Amino acid sequence: MIDFFGNILTMITDNIFPIAMIIAIGYFLEKKFAFDIKVMSKLNFFVFVPCYMFVHLYSTEFDPNLLKMVPAELMIFLFMTVLGGLYAKRRGFSKEMGNHFQNAMAFNNMGNVGVPLMTLVFSSEIFLVDGEPVYLTLALSVLLILMTTQNITLNSWGFYKGFSATGGSPKEALLRTLKIPILYAVLLVVMVRLLNWDLTENPAYVAVNYIEGGMVPSALLTLGIQVGKSGISFKNKKVFETVFMKMVLSFAAALLVNFVLGFDGVYAQVLTVATMTPIAVNVALVAIEVKSQEEYTSQAVVFSTLITLVLLPFFLYLIRWIYPIV
């Protein structure tokens, strides 16, 4: 017990605190200098994120045995999107609000929170065999497949929902989505891998590698700047409603998919924990890029991250009990 809560404290100080600090830096910089959020948004989606996707898809070796996690993540995405849409309709949300609510339901911060969380969980004493974290490599590999699948859906369907929220026709939303370079970065890396090209010594790849390192701080600074513009408020009931519904529906979705696909042990634990991570930062960045519900999405991301930390120990113990490994 002490070791587990020590790991949680370590995750907060080593991972969550730096995230909060970068967001805070963006917040105070905005108060001092009043940044142009459009420029930050364009840098993220036209420079940093495409480079990030290209480097990670190119440099990662995928185990064919893990590809079963692709339909698992797609099922989670479909479940959360459909239920999110039904709930938004029942609550009488506008189309604009409902689309961003669906994005908040469907997409998680598996990278900034999921990776360190999985590392700490599967390195804790209960999972050690002869002092070695024997399940850690498998857990991170499973998470990587989930992250990759989600990144593609977020930067395609997530953008489509964002653009369609601004009042355009489905055709207009699709055309605007196709102008986002992230999809072409994915297609390019697929072509490179199929042709078995070695880019490791290529100067262009080296440059792209440098750029992708700026993706996370740029995204968090942009989020902080947007929060600085919109202000911090706990009066928006829809923010609390979004976070509560996400926690409940995410857990239900993970249990259902694990049951349908017959997952247990490490696979079931990783899928459930990854699905329970906070709302993805890019949900707010999509809203900023399409100039729609920026305040709501930014505050939902921040509040989701905070509330997840409070409930995290409870859910981790519950998940271990439902899907025991050792």
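In which helix is Phe54 found?

Phe54 is found in helix 2; helices are DSSP runs of H or I with at least four residues, numbered from the N terminus. The model is predicted, so local features need pLDDT of at least 70 and side-chain atom pairs count only at pLDDT 80 or more, while totals for chains, interfaces and linings use all residues. Residues are numbered from 1 along each chain as its sequence is written, and side-chain values use heavy atoms, with hydrogens and water left out.

Phe54 is buried, at a relative accessible area of 9% (buried means under 20%, exposed over 50% and partly exposed in between, with a 1.4 Å probe and protein chains only). Leaving aside residues up to four places away in sequence, Phe54 touches Ala185, Leu188, Val189, Val192, Leu199, Tyr205 and Val208, where contact means heavy atoms within 4.5 Å.

## Aromatic pairs

Rings of Phe, Tyr and Trp (its six-membered ring) pair if their centres lie within 6.5 Å; planes under 30 degrees apart count as stacked, over 60 as edge-to-face and the rest as tilted. By this rule there are 14 aromatic pairs.

Phe45 is buried, with a relative accessible area of 0%, and Phe159 is buried, with a value of 0%. Ring pairs link Phe45, Phe159 and Phe163 into a cluster.

Methods:
Helices (H or I, at least four residues) and strands (E, at least two) are DSSP runs, numbered from the N terminus.
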